[in-house]
Amino acid sequence: MVDFIGVSRVRELLARRGTARFIEELAAEIEADFLRWDAFEKSPRHATHSSVGVIELMPASDGRLYAFKYVNGHPKNTHTGLLTVTAFGVLADVATGYPLLLSELTLTTALRTAATSALAAQRMARSESRVMALIGNGAQAEFQAIAFHHLLGVRELRLFDTDPGATDKLERNLARLRLAGLKVVRCDSTAAAVAGADIITTATADKCNATILTPELIAPGVHLNAVGGDCPGKTELHRDILLRPDVRVVVEYEPQSRIEGEIQQMDASYSVSELAAVLAGRAPGRASEREVTVFDSVGFALEDFSALRYLQRIHQEERGAHSRIDLLPELADPKDLFGLLAAHPQRVIAPEGVAA
């Protein structure tokens, strides 16, 4: 039997722990694993692209545990009432190859993305940053708002989306959350939202080389949390932002980000730092108050490894429905797989012309 965590169980765990605490603890797990960077076998995700989206497999292993995530990205899905992104994952024991956990990762991907964004911003944004522009108010927006409010002390959110309905939804959900001391300002353009912002988060979904942000919108000292660009041909930042002499770019895993991130627009000599080096103090997240910092976030499998390990732990700690599924055969004799069928005799169909 294999542990199973479905959407209902994740909702239960979030209700028991609280979303802000969940994100904070998950960020700590992610940081701990990034600090073990050299222990992991790493690779860019395997992506199968179509004209309407992408399906990806994202593996990571530290030699003791192995994890993978199946995830899709289909921006047009919302037109037919479906999610843009869905995901599930497996955590397995390397010694036996047996899966230990099968879990939903749709909700959890949103949570781990926000946790990683806030973790990076703690090292990259100016310490007094209190105002964040949130460009793209879809499925990721609330999670980013909670993470930055709780972990960085953001006290003003400036919202813009080309779809007014998305901003309506975000405003309703933020009002329900009643985040202490948070002021929410609805803006009528990207320019209005970013004016005076210390942090700019872009989380748009369109699969195209967009220019959500252009150089004239970026003031000295701003931290850019670029979340939406996550596959070839999908970016949010004008290339000239990355060419500014005062820009510092941090990525999760450089070989993957060269393919999928904002830096896919740049040549191979373009200089970046990896988040693991920043967290370990081997590279600065910010060198001056006027430097423009960019977290070119595409999502990396190590974050899902951390999330699955965290889910497994709190699933066992918290009361509630500890579901298990019979995903694997259980045999008295492991060499006799066919014997599993002996308790359920099969109907034998005689060949044509032969009496049964």
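Q: Which helix supplies the largest share of the lining of the second largest pocket?
A: This is a predicted model, in which local features need pLDDT of at least 70 and side-chain atom pairs count only at pLDDT 80 or more, while totals for chains, interfaces and linings use all residues. Residues are numbered from 1 along each chain as its sequence is written, and side-chain values use heavy atoms, with hydrogens and water left out. Helix H1 (7-17) and helix H4 (141-152) each give at least two residues to this lining; helices (H or I, at least four residues) and strands (E, at least two) are DSSP runs numbered from the N terminus. The largest share, three residues, comes from H1.

Q: What volume does the second largest pocket have?
A: A pocket is an open set of points on a 1 Å grid over the protein atoms alone, where a 1.4 Å probe fits and protein lies on both sides within 12 Å along at least five of seven lines; its lining residues have an atom within 4 Å of a point. Grid points are joined across faces, edges and corners, and the volume is the space filled by probe spheres set on the points. For the second largest pocket this comes to about 160 Å³.

Q: How do the residues of this lining divide into nonpolar, polar and charged?
A: The lining consists of Arg11, Leu14, Ala15, Thr19, Leu107, Phe143 and Ile146. Ala, Val, Leu, Ile, Met, Phe, Trp, Tyr, Cys and Pro count as nonpolar, Asp, Glu, Lys and Arg as charged, and the others, Gly among them, as polar. The division is five nonpolar, one polar and one charged.

Q: Are the rings of phenylalanine 34 and tryptophan 37 stacked or edge-to-face?
A: Rings of Phe, Tyr and Trp (its six-membered ring) pair if their centres lie within 6.5 Å; planes under 30 degrees apart count as stacked, over 60 as edge-to-face and the rest as tilted. By this rule there are seven aromatic pairs. For phenylalanine 34 and tryptophan 37, the centres are 5.4 Å apart and the planes are at 15 degrees, so the pair is stacked.

Q: Is serine 117 buried or exposed?
A: Serine 117 is in helix H3. Contact means heavy atoms within 4.5 Å; leaving out residues up to four places away in sequence, serine 117 touches Gln144, Phe148, Asn225, Val227 and Phe295. Its relative accessibility is 0%, so serine 117 counts as buried.

Q: What relative accessible area does threonine 106 have?
A: Threonine 106 also lies in helix H3. Apart from residues up to four places away in sequence, threonine 106 touches Leu83, Val85, Thr86 and Ala87. Threonine 106 counts as partly exposed because its relative accessible area is 24%.

Q: What is the phi of arginine 178?
A: Most residues other than glycine have a negative phi. Arginine 178 is found in the loop between helix H5 (164-177) and strand E9 (183-186), and is exposed at 73% relative accessibility. Although arginine 178 is not a glycine, its phi is positive, at about 50 degrees.

Q: What distance separates the C-alpha atoms of proline 245 and glutamate 291?
A: Proline 245 lies in the loop between helix H7 (239-242) and strand E14 (247-251). With a relative accessible area of 87%, proline 245 is exposed. Proline 245 and glutamate 291 are 46 residues apart along the chain, and their C-alpha atoms are separated by 9.0 Å.

Definitions and conventions
Buried means under 20% relative accessible area, exposed over 50%, partly exposed in between (1.4 Å probe, protein chains only).
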